[in-house]
Amino acid sequence: MPFHRRAADSDASLEDALTNDGLDLPVIENMNSTEVNGTETDAEQVQNEANTTNAMNTQIPSLSPSMTTHPTQNKNFTESSTSPSIAPSTTTVPTISDASPTSNPIQSTPAPTYGLLPIQPINILVLTDVHSWVLGHGRHEPSLNADYGDVLSFYQRLKSQITATTLPDGTTPDLYFVMNGDFVHGTLIGQNPPLALSGIVERMPYDIVTVGNHDIQNDETVKELTRAGGLVDVWGERLVTSNVRIKSNNKMDDSLEPMGNNYRFLHGNQGTILALGFLYNYEESSVTVETVQDVMKQTWFTSLFSTPRPTDFDAVLVMAHMTFNDELITLLHDTIREHVGKSMVIQFITGHTHVRSYLELDEYSISFEAG
């Protein structure tokens with residue numbers, strides 16, 4: 001995957017968060033769209049906008065091992081066997097103009113290839129490491145010129161298609177929209193504090209949000225996020241920060257409290273999901289980031305898995321702002337697996353390093369990084 005533009009600390013690029021470049025999505029043979037009265041069907045519109053927005057859609061293995069994947073570190077490749085056939089990649093590199101460097105300084109990124117998105121019982125749409133590129137890339141990368149309006153439109157159309165789908169068992173699939181942090185820095189509107197960014201970001205209908213290192217490394221940005229009526233208040237229970245702490249609002253008390261919430265339960269047609277949100281062990285923060293190791297020993301965490309459970313759940317979703325094969329992912333997986341048994345699905349959604357890859361942790365657990 002070509003990397004074209006970075007944030008100030010070389011830690012960010014929107015195209016890595018919102019691109020299907022180089023990804024061959026599975027083609028579902030029994031979902032071929034047709035043309036009705038010369039207009040596109042909803043399925044065609046959804047897929048065309050998937051090409052435009054370059055948003056990533058991944059599926060939890062439907063509370064059972066319904067997909068088989070293989071670990072890879074290739075940034076250009078993600079493999080899935082959720083459909084009967086895989087469309088071959090036929091990306092065509094656009095012709096480079098012989099105009100002078102000043103009049104045509106940037107080569108367009110090859111248009112992504114794609115097929116119809118598969119619909120699983122549980123589907124997750126992932127946005128990560130956008131770094132304030134909410135207005136698209138314009139002339140810099142025309143084929144990646146997606147803005148938040150494109151992403152929102154794609155989500156709405158995909159949700160409509162999923163809601164209208166009936167699975168073989170007679171149930172309706174679920175769709176969850178998640179954001180995995182690092183939404184600031186990268187452009188002028190994302191600088192500290194991101195005053196012009198909040199009004200755009202707060203309108204995205206996320207189900208789960210967690211924070212990245214960029215979001216909490218500056219005092220002014222943290223004050224803007226945590227002020228009364230700021231994004232922390234807007235997101236409410238959707239903001240899950242299992243190991244990120246801020247000082248209590250009680251000025252007489254110096255104790256720490258979660259920046260958002262330690263966890264959230266997602267209740268859908270396919271069951272209940274326990275959602276957690278972790279940042280890697282970050283030490284250069286304006287707030288307190290507790291180590292993953294310490295958090296997993298805390299009472300609130302262990303009590304989630306006690307017998308009987310305070311709230312029963314069918315799967316675990318871990319939002320983790322760290323690379324897909326970080327040693328902390330293995331630690332979290334092993335600890336949670338010990339609590340929930342061998343056959344519960346544990347889905348990791350990772351980020352931070354701007355690569356697209358995944359790792360199969362066991363038969364019922366995958367770590368996926370969207371880019």
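Modeller: What follows is a walk through the aromatic pairs and then the nonpolar core. The model is a predicted one, and it holds 10 aromatic pairs. A pair of aromatic rings is described by the distance of the centres and the angle of the planes. For Phe 183 and Trp 235 the ring centres are 5.6 Å apart and the planes stand at 90 degrees, so this pair is edge-to-face. Because Phe 183 belongs to the loop between strand E5 (174–179) and helix H4 (198–201), while Trp 235 belongs to helix H6 (residues 231–235), the pair ties together parts that are 52 residues apart in sequence. Phe 183 is buried, with a relative accessible area of 3%, and Trp 235 is buried with a relative accessible area of 3%.

The rings of Tyr 263 and Phe 265 also have their centres 5.6 Å apart, and with planes at 70 degrees this pair is edge-to-face. Here Tyr 263 is partly exposed, at 32% relative accessible area, whereas Phe 265 counts as buried at 15%. Both residues belong to one aromatic cluster, together with Trp 300, Phe 301, Phe 305 and Phe 313, and over the face of Phe 313 lies Arg 309, at 4.5 Å from the ring centre.

Leu 276 is, with Ile 216 and Val 318, among the residues with the most contacts inside the largest nonpolar core, which has 63 residues. Helix H3 (residues 148–163) gives the largest share of this core, 6 residues.

How values were computed:
Residues are numbered from 1 along each chain as its sequence is written. This is a predicted model: local features need pLDDT of at least 70, side-chain atom pairs count only at pLDDT 80 or more; totals for chains, interfaces and linings use all residues. Side-chain values use heavy atoms; hydrogens and water are left out. A nonpolar core is a set of buried Ala, Val, Leu, Ile, Met, Phe, Trp, Tyr and Cys residues joined through side-chain atoms within 4.5 Å. Buried means under 20% relative accessible area, exposed over 50%, partly exposed in between (1.4 Å probe, protein chains only). Helices (H or I, at least four residues) and strands (E, at least two) are DSSP runs, numbered from the N terminus. Rings of Phe, Tyr and Trp (its six-membered ring) pair if their centres lie within 6.5 Å; planes under 30 degrees apart count as stacked, over 60 as edge-to-face and the rest as tilted. A charge sits over a ring if NZ of Lys or CZ of Arg is within 6 Å of the ring centre and within 35 degrees of the ring normal.
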